[in-house]
Structures are given as structure tokens and as C-alpha cells.
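Dear colleague,

Here is the structure I promised to pass on to you.

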Amino acid sequence: MTFYEREIERIRNNSFSNEKQLEVVIATKNFIDTNFDQKLNLDFLSYKHFTSKYHLLRLFKKYYGQTPRQYLIDKRIEKSKDQLKTDATVTQVCFAVGFESLGSFSSLFKNKVGKSPSDYKKEQLSRSD
Amino acid sequence: MKVTLISIPVTDQEKALQFYTEKLGFIKKKDMPLDGGHRWITLVSKEAQDGPEILLEPGPNHFEPCKVFQDALMDAGIPWTQFDVDNVDEEYERLLNLGVEFSVKPTIMGTAKFAVFNDTCGNNMQIVEML
């Protein structure tokens, strides 16, 4: 067994031994993965897993390093990038990935990707020619 | 400032280029001749060709401390860096069939599943799937 494997074993025992907590956060993350296009909020997510919302927020952040909302936004942006490569318009993509306003989608996209959704779309189209 | 480059020290650039493209599936983006028969070789991921580039740099052959560090990580089984995959089990099977050697089989730790393989150019590399 290498040093790395021993360390993994040690860290797993020290930091990842709470199966119940892991179950809840993994289920929450998977739920976001499959329902990112729906209206999601912490009340609903915590209700689904019978936890208090602040407890869920803390747990999610502890195991994934970001809050459920941050994770959801990243997921939506990632999905929107895929969809912007298709024929769908920016507005269609915005609502298809679960954003409720074009303004917030455009500014979030620009912040995260470095260019506006329409510029990104143009770039992808010219690339596939 | 932007993050665009991930540098990986390799003991043989040509061998690394073949391993990283043919087995791992990366795509060559840049290949420029440099002094002393070396090359500036960068690769991108097939699914994100405008994403960060991997630089295959021949450091271990020219700078002893780089070689010492690389060997120490290899002996300890520590990965130089890691790549995200959608499914660690599938990628493990795919690479195993291509003759890639794994030091750690698919293993779950907390919210991640990972495996570690030998890149044949002096490094352990890790593939990771977020659960």
C-alpha cells in the first residue's frame, strides 16, 4: 500500500465517516443535477430530505465546498453552454435551464464565462463551420 | 489574469503526446519546436476545446530537482494532478482495456469516486467523478 492510499484511508475515516450526512448531500446534489431546470430553493431541498435548511446548507458546503445555490448556478451555466451550441435562441436557452430572467442569465453567464451568451453562441457557430 | 495552462512534467514528450492523445483522448492544440529538440506541446480536452490546456513539459530531463520531486510523488503513489470524468468505472474499464496500469482501482471517498493510473511518463494521474 502506498503512502497515498494510507492517507486516503486515514482521511476517509476521519472526515467522511458520517454515512447519513453523505447520503443527504449526495442525494441533494443528484436532485439538483436532474432538476436544475425547475424552480429550486433551499426550503424545498431541505423539505425533501427532512433536514432544516440551515443544516443542509452547512452540510452541502462542507462536502462540496460551495452552497447549493452556487452549485445550481454553475450547473445551469454549464448546461446553457451545451444548449447554446444548438439552434435554440439565447432566450429559449435561458428559460430551458431554469433561469427566470434574461437579465440575470446574461450577467451571470458573462461573469462566469467571460463573454455574453450571444457572443458565446456566435463563436460556437463559427467554429462548427 | 486567467488560468489557462496546467503543466505536467514528462520524461519523454513524444511518448507523452501519444499516451495523452491516443489513450486518454486529449486533442493536440499547439506543437512548436523549441531549443534543443524540445517542443511546446499543449493539449485540450475533447469536450472543452476552449478550456485550459495541458502543457507536456520536459522538466525532469533538465532540472534535477524536478526529477527528484516527480520520482518522490511517483513512489508515494501521489497523483500529479487530476481530470474530471462523468463515470470513473466506465473510464477505468476503457483505459484498462487499452493497457493502462492503475495503482488505485475505483474508490469512493466521501462525495467523490476516483482512481489512479500511471501516465507512463513519470506521473500518477487521478480521474475523479463527483457523486
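**Notes on the structure**

Just after H2(B), B:Gly77 takes a positive phi of about 80 degrees.

Before going further, please note that this is a predicted model, in which local features need pLDDT of at least 70 and side-chain atom pairs count only at pLDDT 80 or more, while totals for chains, interfaces and linings use all residues. Residues are numbered from 1 along each chain as its sequence is written, and chains are lettered from A and ligands numbered from 1 in the order in which they are written.

Chain B as a whole has three helices and eight strands (DSSP runs, H or I of at least four residues for helices and E of at least two for strands, numbered from the N terminus), and from the N terminus on these elements follow the order β-α-β-β-β-α-β-α-β-β-β. The radius of gyration of chain B (taken over C-alpha atoms) is 15 Å, close to the 14 Å that the globule rule (2.2 Å times the number of residues to the power 0.38) gives for 131 residues, so chain B is as compact as a globular protein of that length.

Four strands of chain B form an open sheet of mixed pairing, in the order S1-S4-S3-S2 (two strands pair if DSSP finds at least two bridges between them), and its edge strands, S1 (5-9) and S2, each pair on one side only. Within this part of chain B, strand S2 (residues 27-33) and strand S3 (residues 39-44) run antiparallel and are joined by six bridges, with B:Val44 in S3(B) as the bridge partner of B:Ile27. The hairpin of S2(B) and S3(B) has five residues between the strands, and there B:Gly36 takes a positive phi near 70 degrees. S3(B) also pairs in the antiparallel sense with strand S4 (residues 53-57) of chain B, over two bridges, and B:Leu43 stands opposite B:Ile54 in S4(B).

Turning to the two chains together, nine residues of chain B are in contact with 13 residues of chain A (C-beta atoms, placed from the backbone, within 7 Å). Strand S6 (residues 102-109) of chain B gives the most to the side of chain B that touches chain A, with three residues.

With best wishes
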